[in-house]
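Hello,

Could you take a look at this one when you have a moment?

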Amino acid sequence: MVAITEKLAKPQSRLQFVLDRPRVLGALFVSPAVLYVLALVGIPLCLAIYYSVSAYTIYNQDYSFVGLRNFIQIFQDDVFLRTLWNTFLFTLGSQILGLILGKFGALVLLRPFPGRKLVRALIILPWAVPIAIATVAWEWMFDSLYSVINWILIALGLMNPADAPNWLGDPHLAMICVIVVNAWRFFPFAIVIFLAGITAVPQDVIDAATVDGAGFWRRNYQIILPMIAPIVVVGLIFGTVFTFTDLSIVYLLTMGGPVNATSVLGFEGFQVGILSGDVSHGAAISLVMLPVLFILVVVMLRFIRRREI
Amino acid sequence: MSRALANVARESGFAATVAFFVILAAFPFYWMLITAFKTNADLYDLSNMPLWFTDPPTFEHIRYLFEKTLFTQWLLNSAIIGVCVVAITLVCAVPAGYSLARMTGRNGEALGIGIFLTYLVPPTLLFLPLSRIITMLGLQDSLWSLVLVYPTFTIPFCTWLLMGFFKAVPREIEEAAIVDGCSNLGAFVKMVIPLSVPAILTVVIFTFTLTLQEFVYALTFISSAGEKTITLGVATDLVRGDIYFWGELMAGALIAAIPVAIAYNFFLDRFISGITGGAVK
């Protein structure tokens with residue numbers, strides 16, 4: 001860096017000074033970031049792909065190429081197929097729930113009212129606080145014996161004490177629990193994204209629509225929603241990617257159980273690749289996520305390019 | 001009259017919606033708070049009303065947390081990791097963000113999007129090869145493994161944020177400095193950086209909170225209790241055997257949650273403008 005700066009300290013002409021220098025400096029400026037990311041994201045990604053077509057385990061570090069054998073084996077495994085289905089259910093369920101909550105939450109926060117800042121601060125909490133920490137609190141709320149949720153439902157007369165469910169012990173309820181916790185964690189982010197979009201819509205567009213006789217729903221769904229679609233889609237894809245690949249909620253809340261009912265791809269990859277040490281099969285399970293991620297990213301790039309607002 | 005009535009109905013409907021969202025978002029934290037200060041006798045008595053204290057509040061759980069567990073060690077570990085990752089991130093992301101905002105033209109935009117997309121490569125795809133790499137480097141079970149790995153998501157994220165901020169700094173400022181005899185590098189160091197202190201501060205805070213929020217890599221690389229981060233330690237190490245000590249757990253969770261929550265609220269607006277500033281226009 002010093003060498004380049006000194007060499008260019010004596011420019012031959014003003015023109016060269018302006019033309020050459022920024023290019024060299026610019027390349028120099030991006031290189032640390034690019035190199036860091038290449039070394040610790042690019043190389044591991046290639047390694048992961050290689051592991052998935054090898055026989056590598058931590059006990060037998062055999063790099064021999066086995067083709068698609070690992071993939072064929074995992075797709076014949078019932079636990080894996082269950083996991084794959086769970087992952088889609090988990091992602092879709094929590095994103096839809098989170099989006100609905102986010103849309104209505106944004107409408108609430110859009111209107112000025114006394115104490116709005118405090119309300120916003122409280123609503124942001126689920127997204128701000130580390131999810132592992134919040135999940136522990138949910139685990140305590142879903143406790144089989146001391147569940148406060150059951151207590152409230154019984155106190156409100158909505159549930160009979162005899163039917164108090166064991167939230168995390170029942171396969172269907174456990175799935176609902178992980179979906180709800182994830183939607184809970186995601187909806188403040190959805191609110192923030194919707195708010196950012198809506199406040200970016202020029203007021204005169206909305207006024208013009210009102211003058212032309214568009215009502216509340218019409219303004220919302222035919223004017224505002226199409227205009228904020230690019231921001232919302234980018235936000236949605238963010239949420240989808242992080243939900244689709246997450247393992248922390250499942251790991252802390254249910255450990256994939258009961259009987260694999262809530263196991264998701266990230267968790268299964270961890271279970272097989274790290275805990276059992278079967279790196280090649282673990283890598284194959286994780287890599288099943290890649291095509292889905294790829295499609296999401298392509299969609300997102302199209303929307304980033306559109307930039308309407 | 002009926003109009004006034006409709007107004008009242010609408011207002012109370014609105015208030016109910018606000019209340020619904022506040023309770024939905026904040027109840028788990030209220031529950032944390034209550035649990036953290038309840039005596040065990042109160043906590044595990046099913047005949048008590050759980051939403052408030054039956055016995056007077058106690059600091060027993062907090063004291064236990066600081067005296068009998070590795071909690072302070074985890075706080076220290078998280079602070080060390082946070083400071084180191086912030087330093088690495090700033091060194092890489094500040095110049096990169098500036099360069100992508102100004103210097104490399106059309107290719108710069110493509111490169112910017114490329115760097116940003118790496119933020120979307122999930123930990124659950126990379127943790128297997130990274131754990132092998134970390135074993136090769138002899139960093140397994142050490143907090144330095146996290147110092148090495150965390151910049152892989154903080155650098156892309158912060159480069160993107162800073163790119164948005166730097167685009168908002170008028171180019172004329174550097175041009176004026178260059179006319180006055182500054183070099184390009186000099187203009188950046190003497191003019192742009194001082195102007196961007198608020199943006200850089202935002203990046204510092206967000207990098208720090210990202211390291212606090214991370215769980216997957218910490219879980220994968222660290223197994224001995226003394227090297228854990230606060231998030232990992234609270235979530236996995238306060239459970240002894242199969243017995244949960246909910247008072248201590250919730251106290252630990254509360255203490256870990258508070259700083260992040262405060263930081264987010266101070267910097268939220270700047271963060272939103274950063275994200276959308278980079279993504280849209």
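This is a predicted model: local features need pLDDT of at least 70, side-chain atom pairs count only at pLDDT 80 or more; totals for chains, interfaces and linings use all residues.

Residues are numbered from 1 along each chain as its sequence is written, and chains are lettered from A and ligands numbered from 1 in the order in which they are written.

Chain A has 14 helices and 0 strands. The C-alpha atoms of chain A fill a box of roughly 90 × 70 × 35 Å along the principal axes, and 42% of its 309 residues count as buried. Buried stands for 20 or more other C-beta atoms within 10 Å of a residue's own, exposed for 12 or fewer, and partly exposed for anything in between, with C-beta atoms placed from the backbone.

Chain B has 14 helices and 2 strands. Its radius of gyration is 24 Å, well over the 19 Å that the globule rule gives for 281 residues, so chain B is more spread out than a compact globule. The C-alpha trace of chain B spans about 75 × 75 × 35 Å along its principal axes, and 44% of the 281 residues are buried.

On to the interface: 72 residues of chain B are in contact with 68 residues of chain A, contact being C-beta atoms, placed from the backbone, within 7 Å. Helix H14 (residues 246-279) of chain B gives the largest share of the chain B side, 14 residues. That side has 56 nonpolar, 15 polar and 1 charged residues. (Nonpolar covers Ala, Val, Leu, Ile, Met, Phe, Trp, Tyr, Cys and Pro; charged covers Asp, Glu, Lys and Arg; the others, Gly among them, are polar.)

Within chain A, the axes of helix H8 (residues 171-200) and helix H10 (residues 216-244) come within 9 Å and cross at roughly 150°. Axes are lines fitted to C-alpha atoms, for helices over the stretch in contact, with angles from 0 to 180 degrees between N-to-C directions. H8(A) and H10(A) are therefore roughly antiparallel; angles over 145 degrees count as that, under 35 as roughly parallel, 65 to 115 as roughly perpendicular and the rest as oblique. Their contact includes A:Phe186 and A:Phe189 of H8(A) and A:Gly235 and A:Gly239 of H10(A). By class, this contact has 11 nonpolar, 5 polar and no charged residues.

Also in helix H10 of chain A is A:Val233, which counts as partly exposed because it has 17 C-beta neighbours inside 10 Å. Leaving out residues up to four places away in sequence, A:Val233 touches A:Met300 and A:Phe303.

In chain B, the axes of helix H4 (residues 71-102) and helix H8 (residues 151-167) come within 7 Å and cross at roughly 40°, which makes H4(B) oblique to H8(B).

Best wishes

Methods: Helices (H or I, at least four residues) and strands (E, at least two) are DSSP runs, numbered from the N terminus. Two residues are in contact if their C-beta atoms, placed from the backbone, lie within 7 Å. The radius of gyration is taken over C-alpha atoms; the globule rule is 2.2 Å times the number of residues to the power 0.38.
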